[in-house]
Amino acid sequence: MMHMTFYWGTDLTLLFDSWKTSSWASYSLTLLACLIVSAFYQYLEDRRVRLKIVSSGKPPAQIEAPLLQGKILGGGGKWSAARIGGALLFGVNSAIGYMLMLAVMSFNGGVFVAVVLGLAIGYLFFRSGDDDAATLLVDNPCACA
């Protein structure tokens, strides 16, 4: 039966019937896998955002809100390699994100901590520099004019 509240045990079925843990060793490897995949999620998100910035051909200070970006910047065509690559990265990143969400929905406390810790570590290593681009937008809201 599936747990409906957080529990702290080594007996865990994660995502697939074949991914079961019953010992501390298998449970620890599962937690390590969750941590690495969630850090990798942040890495892919960083690559996707950087691809979008580089493919726009403009400095980060001139990139506006994502909903308006296509209208303001135009872009390199509807089917450019950068847009297709960005869409593929978005799809892979979304799939990983949903898998992490389903892993957390196992309600195992260790999995929850491993995923959140992995996201934080991934953000620290790969995404904490994103604040520079955001600062440019806040400090200079009329950069596109």
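Predicted model: local features only at pLDDT ≥ 70, side-chain atom pairs only at ≥ 80, totals over all residues.
L15 sits in the loop between β1 (12-13) and β2 (20-21). Its phi is positive, at about 65°, although L15 is not a glycine. A second residue of this kind is F107, whose phi is near 65° and which is likewise not a glycine. F107 belongs to the loop between α3 and α4. With a relative accessible area of 23%, F107 is partly exposed. Most residues other than glycine have a negative phi.

The chain holds 5 helices and 2 strands. Read from the N terminus, the order of elements is β-β-α-α-α-α-α. Of the 145 residues, 27% are buried. The accessible surface amounts to about 9,500 Å². Carbon and sulfur atoms supply 70% of that surface. Among contacts with a separation of 6 or more, 71% join residues 24 or more positions apart.

L15 also takes part in a nonpolar surface patch of about 660 Å².

Helix α3 covers residues 81-104, a run of 24 residues. At 1.5 Å a residue, it should span 34 Å. Its end C-alpha atoms are 34 Å apart, so expectation and model agree. Within α3, the residues G86, N93, I96, L100, A103 and V104 are buried. The buried residues of this helix pack against α1 (24-56) and α4 (109-127).

The largest nonpolar core has 14 residues. Those touching the most other members are L12, L14, L31, C34, V111 and V115. Helices α1, α3 and α4 are the elements that each give two or more residues to this core. In soluble globular proteins, nonpolar side chains tend to be buried together. V111 illustrates the links made around the core. Beyond its neighbours within four places in sequence, V111 is in contact with L12, L14, Y27, L31, C34, A103, V104 and S106.

R48 is part of helix α1. At 18% relative accessibility, R48 falls under the 20% limit and so counts as buried. Leaving out residues up to four places away in sequence, R48 touches G86, L89 and F90.

G118 is located in helix α4. Its relative accessible area is 0%, so G118 is buried. Residues up to four places away in sequence aside, G118 touches L35, S38 and A39. G118 and A39 are 79 residues apart in sequence. In space, their C-alpha atoms are 4.8 Å apart.

Conventions:
Residues numbered from 1 in each chain as written. Heavy atoms only, no water. Helix = DSSP H or I, 4+ residues; strand = E, 2+ residues; numbered from the N terminus. Expected span 1.5 Å × (residues − 1). Buried < 20%, exposed > 50% of the residue type's maximum accessible area, 1.4 Å probe, protein only. Contact = heavy atoms within 4.5 Å. Core = buried A, V, L, I, M, F, W, Y, C linked by side-chain atoms within 4.5 Å. Patch = residues over 30% accessible without salt bridge, like charges linked within 9 Å, V, L, I, M, F, W, Y side chains within 5 Å. Areas by Shrake-Rupley, 256 points an atom, 1.4 Å probe, with all protein chains shown as cover. Salt bridge = Lys/Arg side-chain N within 4 Å of Asp/Glu carboxyl O.
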